[in-house]
Amino acid sequence: MKAILYCRVAHNDMLTLDWQKARLKAYAKEHGFQIERTVAECSTGIDYNRKGLQEVAEIAASGKVNVLLIWNLTRLGRDTFKTAEYLRWLKEQNVEAICADGTVPQPHIEYLHCLIEAMKTQMVKGEHHR
C-alpha cells in the first residue's frame, strides 16, 4: 500500500515534529507501507486550510496513495466535526486514515466516536499543546 505521512505541531517545535516523522516512518516500515511523501508543518490545528493539509488533499485526490498515516487524529486538526468531514472525504478518495498510536480502530463507522474519546484523552493528558 502507498502512504503519505502527515505530521503537524502547533508551535515551532522541531524536536516533536522530528519525533512524529520517525515514529510514522517506523510504523510504515513495520506494516509494509511504501512511503510516497512525507508532509510536515508547524501550524495551528484550528486552521483546516493550512498548506500541508492542502498538499495531503491534493495527493489523496490524485489517487497516488491509499493510506494517510498520522500519529493521532489531533494532528489533522482540533475541530471534531471538521476532522470527521475530512475523514469522510478521504474515504470518498479511497484513502484510509491510520493513526500510528493505535487510538483509532479502523472501521470507518467508529471514527467519530473514537475521535471524541481520543481528543478528550489528549486534553486530560495535557497533550493539547502539541
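You're looking at a predicted model, where local features need pLDDT of at least 70, side-chain atom pairs count only at pLDDT 80 or more, and totals for chains, interfaces and linings use all residues. Residues are numbered from 1 along each chain as its sequence is written, and side-chain values use heavy atoms, with hydrogens and water left out.

Now color all of H1, residues 14–30. Helices here are DSSP runs of H or I with at least four residues, and strands are E runs of at least two, numbered from the N terminus. Next, pick Thr-16, Leu-17, Gln-20, Leu-24, Tyr-27 and Ala-28, which are buried (under 20% relative accessible area). Look down the axis of H1: these buried residues fall within an arc of 110°, so they line one face; the arc is that of the directions from the helix axis to the C-beta atoms. Show strands E1, E2, E3 and E4 (96–99) too, since the buried residues of H1 pack against them (contact means heavy atoms within 4.5 Å).

Past H1, click Gly-32, whose phi is positive, near 75°.

Then hop to helix H2, residues 51–62. Which residues are buried in H2? Select Gly-52, Leu-53, Val-56, Ala-57, Ile-59 and Ala-60. On the other side of H2, Lys-51 and Glu-58 are exposed. What covers the buried residues of H2 includes E1 (2–9), E2 (34–42), E3 (67–70) and helix H3 (80–92).

Last stop: Gly-63 follows H2, with a positive phi near 80°.

Technical notes:
Expected span 1.5 Å × (residues − 1). Buried < 20%, exposed > 50% of the residue type's maximum accessible area, 1.4 Å probe, protein only.
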